Amino acid sequence: MQKDLSNYRKSYEKSALMEDSISDNPLQLFQTWFYEVEKSDSVDEPNAMTVSTLGLDGFPKSRVVLLKKYTHEGFVFYTNYNSEKGLAIAENPKICISFFWSNLERQIIIKGTAEKLAKNLSDGYFESRPDGSKLGALVSDQSSVIESRTVLEAKLSQLEKEYGGKEIERPEHWGGYLVRPVSIEFWQGRPNRLHDRIRYTLTDDFDWKMERLAP
């Protein structure tokens with residue numbers, strides 16, 4: 001099986017990323033870019049991001065999850081703490097998250113350290129979820145091998161009867177992570193592959209150093 005993709009071409013011409021027109025704070029620039037992708041109304045899930053971890057088997061692994069909040073401290077997502085990604089983060093909390101918004105020809109790559117959210121914050125988010133999503137967190141032993149889809153659906157059906165009309169509490173093995181960034185790189189596509197790349201790096205003085213990278 002073989003297919004040559006070398007003729008795939010696209011000229012990136014929608015915008016530019018220049019130092020004199022952006023914030024000294026990368027989190028402020030992230031907010032601006034996120035607002036612009038939301039405003040464009042051409043991305044189904046603008047908060048979809050790729051989370052990359054170093055697995056217990058020594059291999060890096062990337063998967064798409066949903067960003068649920070961003071603040072001056074960093075970026076928040078939720079998952080099963082016993083999942084493959086949860087166990088990888090417990091072993092090595094240095095992770096990478098990234099966004100690619102093809103409609104605006106933009107990418108953001110964030111290196112940071114993940115830490116569990118306080119239990120009350122995870123509780124608050126869990127309570128806001130629909131009951132179906134809450135039960136999904138209880139049903140799935142995420143990343144574990146299961147016999148069949150039927151087993152999963154039977155377990156869900158059982159829990160729907162068990163919790164009918166009752167409050168569904170957050171399981172201890174499920175909750176949020178805050179990713180505190182140490183490096184944030186913004187990529188803007190440009191013609192002739194001379195893309196703009198601006199990297200912000202957190203210094204020992206907790207200030208941000210801005211640098212332009214070669215494309």
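Guide: A residue is called buried when its relative accessible area is under 20%, exposed when that value is over 50%, and partly exposed in between, using a 1.4 Å probe and protein chains only. This is a predicted model, where local features need pLDDT of at least 70, side-chain atom pairs count only at pLDDT 80 or more, and totals for chains, interfaces and linings use all residues. Residues are numbered from 1 along each chain as its sequence is written, and side-chain values use heavy atoms, with hydrogens and water left out.

Visitor: Okay, why is Asn47 called buried or exposed?

Guide: Asn47 has a relative accessible area of 18%. Buried means under 20%, so Asn47 is buried.

Visitor: What does Asn47 touch, not counting residues up to four places away in sequence?

Guide: Asn47 touches Phe34, Val65, Leu66, Leu67 and Phe99. A contact here means heavy atoms within 4.5 Å.

Visitor: And where is Asn47 found?

Guide: Look in the loop between H1 and strand E1 (48-54). Helices (H or I, at least four residues) and strands (E, at least two) are DSSP runs, numbered from the N terminus. The protein chain has 5 helices and 9 strands in total.

Visitor: What is the phi of Asp41?

Guide: Asp41 has a positive phi of about 55°, although it is not a glycine. Most residues other than glycine have a negative phi. Asn192 also has a positive phi, of about 60°, and is not a glycine.

Visitor: Where is Asn192 found?

Guide: Asn192 is in the loop between strand E7 (174-188) and strand E8 (196-202). At 70% relative accessibility, Asn192 counts as exposed, because exposed means over 50%.

Visitor: Which residues gather in a patch of negative charge on the surface?

Guide: Asp24, Asp204, Asp205 and Asp207 do. Asp counts as negative, as does Glu. A patch is made of residues with over 30% relative accessible area and no salt bridge, with like charges joined within 9 Å. A salt bridge would be a side-chain nitrogen of Lys or Arg within 4 Å of a carboxyl oxygen of Asp or Glu.

Visitor: How do you know whether Asp24 is buried or exposed?

Guide: Asp24 has a relative accessible area of 63%. Exposed means over 50%, so Asp24 is exposed. Asp24 is found in the segment before helix H1 (26-40).

Conventions
Patches are made of residues with over 30% relative accessible area and no salt bridge: like charges are joined within 9 Å, nonpolar side chains (Val, Leu, Ile, Met, Phe, Trp, Tyr) within 5 Å. Accessible areas come from the Shrake-Rupley method with a 1.4 Å probe; for residues, only the protein chains shown count as cover. The place of a charge is taken as NZ of Lys, CZ of Arg, CG of Asp or CD of Glu.
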